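Good morning, colleagues. Please look at the structure on the screen while I take you through its domains, sheets and helix contacts.

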Amino acid sequence: MGEAIVVEDLAKTYRVKKRIRFLKSHIEVVEALRGISFKVRYGEVVGLLGPNGAGKTTTIKILATLLLPDRGEALIDGYSVVKEPNKVRERIGIMLTVEKGFYGKLSGRENLEYFAALYGLEPRRARERINYLVKLLELDKLGADYKLFEEYSLGMKARLSLARALLRDAPVLLLDEPTLGLDPPSARKIRDLVKDLARKEGKAILYTTHNMFEAEMVCDRILLINKGTIVAEGTPEELKSRVPMLKVVNLVVRGNKKVRGLIADYNVKYEVKTEASDLHTIRVYVEKPEEILGDLLKKFVRNGYDIVSIRVEEPTLEDVFIYFSREA
Ligand SMILES: Nc1ncnc2c1ncn2[C@@H]1O[C@H](COP(=O)(O)OP(=O)(O)OP(=O)(O)O)[C@@H](O)[C@H]1O
Ligand SMILES: [Mg+2]
């Protein structure tokens, strides 16, 4: 069997009419995808990991034939999303963050029956599959047979969405932030299921998230995406070892807001988080902390900051992501 998903130089631009003032507007161009390429094999969970606006949902929508790319091509199970959308649709299960299409006045099971009919599943096969999925996702315990969809909690809606994505038993699953907003037990249930679907049933799964911790737990391979570009790719371990010399100086200081200006002089990559208005955590990415540390601390002290704490650490996956996404 070939590759499950092959993406070649996919690009997408949105044009948004932006009103400046009364009767005056201009067209704003948003480059959501700037030519991305990647592959997903059967039996593999690949994470598309990136911050808000990175282009994750756009990628999923193009692969699901809900959106046409401006340039490039994608093959799902050998079929083109541009030229053979109907073939593609039969081969994918999709779960989007904003769930549309479910009927509020129907129970969970009735909703699944409706979609099974819409997908053209033969009635007996549909019944078997729905029974199986309702058990698999433990929807029966949560009242899938008597509670109406509009009475569902977010966690139940997520499970029902995943059940719908699995109705057709398609070889390729496109899951857009499937655990968004779920409590830890529900999120874990979904993550465990996703891993099983790849390991035991050989599904190819593209899984978007902005959560590094989750990506590391669920994905065999991770694509780091930022501003429509894949900035790095590999297993979580590979990504961390891509920057073997990197150290992280975690510095907490108390003082005014101009911290960025003080670090900018060093021409290093860094990240600032401000918790209270005057309490800043700064993570500085450097190969040799000893070369800048003394000077950096002096600079903060000279500018009236209190040094609250300082540690030199190994990078986490989140640091690796920031490192790859930032210009120095
Ligand atoms: N329908 C649209 N019209 C105009 N711009 C859009 C549209 N959809 C997305 N965009 C823009 O395209 C870029 C990529 O958006 P996309 O939804 O793919 O990002 P994302 O990685 O899924 O982000 P998030 O983590 O917030 O879901 C963003 O700048 C977004 O504002
Ligand atoms: Mg999104």
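I shall begin with the division into domains and then go through each domain in turn.

Please bear in mind throughout that this is a predicted model. The domain assignment divides the chain into domain 1, residues 5-240, and domain 2, residues 243-325. Taken over C-alpha atoms, the centres of domain 1 and domain 2 are 37 Å apart. Domain 1 contributes 10 residues to the contact between them, and domain 2 contributes 7 residues.

Which elements supply the side of domain 1 that touches domain 2? At least two residues each come from α7 (212-218), β9 (221-226), β10 (229-234) and α8 (236-241). The largest share, 3 residues, belongs to α8. Sorted by class, this side of domain 1 has 7 nonpolar, 1 polar and 2 charged residues.

Let me turn to the strands, starting with a hairpin. Strand β1, residues 5-21, and strand β2, residues 24-40, run antiparallel and are joined by 14 bridges. Within this pairing, T13 stands opposite E31 in β2. The hairpin of β1 and β2 has 2 residues between the strands, and L23 in the turn has a positive phi of about 60°.

Next comes a sheet of 6 strands. This sheet is open, its pairing is mixed, and the strand order is β6-β7-β8-β3-β9-β10. Which strands stand at the edges? They are β6 (92-95) and β10; each has a single partner strand, so one side of each is left without a neighbour in the sheet. On average, and with direction ignored, neighbouring strands of this sheet are turned by 15° against each other. You will recall that β10 also supplies at least two residues to the side of domain 1 that touches domain 2.

M95 has L175 in β7 as its bridge partner. Helix α5 packs on the sheet, where α5 touches β6 and β7, and the direction of α5 makes about 165° with that of β6.

How do α3 and α5 lie relative to each other, roughly parallel or roughly antiparallel? The axes of α3, residues 108-118, and α5, residues 154-166, come within 10 Å and cross at roughly 25°. An angle under 35 degrees counts as roughly parallel, and α3 and α5 are therefore roughly parallel to each other. Their crossing is right-handed. On the α3 side the contact is made by G108, N111, L112 and F115, and on the α5 side by L160, A163 and R164. By class, this contact has 4 nonpolar, 2 polar and 1 charged residues.

Helix α5 also meets α6, residues 184-199; the axes of α5 and α6 come within 10 Å and cross at roughly 15°. That angle makes α5 roughly parallel to α6. The crossing of α5 and α6 is left-handed, whereas that of α3 and α5 is right-handed. G155, A158 and L162 of α5 make the contact with S186, I190 and L193 of α6. The classes here are 4 nonpolar, 2 polar and no charged residues.

Helix α3 has a further contact, with α4, residues 123-136. These two helices pack at an angle of about 140°, and their axes are 10 Å apart. Are they parallel or oblique? Angles over 145 degrees count as roughly antiparallel; α3 and α4 are therefore oblique to each other. This crossing is right-handed. From α3, the residues R109, L112, E113 and A116 meet A126, R129, I130, L133 and V134 in α4. The residues of this contact divide into 6 nonpolar, no polar and 3 charged.

Finally, let us consider domain 2, residues 243-325. An open sheet is formed by 4 strands in the order β12-β13-β11-β14, with antiparallel pairing. The edge strands β12 (269-274) and β14 (306-313) each have a single partner strand, so one side of each is left without a neighbour in the sheet. From one strand to the next, the twist averages 15°. Strand β11, residues 247-254, pairs with β14 in the antiparallel sense over 7 bridges, and N250 stands opposite R311 in β14. Helix α11, residues 317-325, lies across β11, β12 and β13 (279-286), and α11 runs at about 75° to β13.

Thank you for your attention.

Terms used:
Residues are numbered from 1 along each chain as its sequence is written. Chains are lettered from A and ligands numbered from 1 in the order in which they are written. This is a predicted model: local features need pLDDT of at least 70, side-chain atom pairs count only at pLDDT 80 or more; totals for chains, interfaces and linings use all residues. Domain bounds come from an automatic or database domain assignment. Two residues are in contact if their C-beta atoms, placed from the backbone, lie within 7 Å. Ala, Val, Leu, Ile, Met, Phe, Trp, Tyr, Cys and Pro count as nonpolar, Asp, Glu, Lys and Arg as charged, and the others, Gly among them, as polar. Axes are lines fitted to C-alpha atoms, for helices over the stretch in contact, and angles run from 0 to 180 degrees between N-to-C directions. Angles under 35 degrees count as roughly parallel, over 145 as roughly antiparallel, 65 to 115 as roughly perpendicular and the rest as oblique. A crossing is left-handed if the near helix is turned anticlockwise from the far one by less than a right angle, and right-handed if clockwise. Two strands pair if DSSP finds at least two bridges between them.
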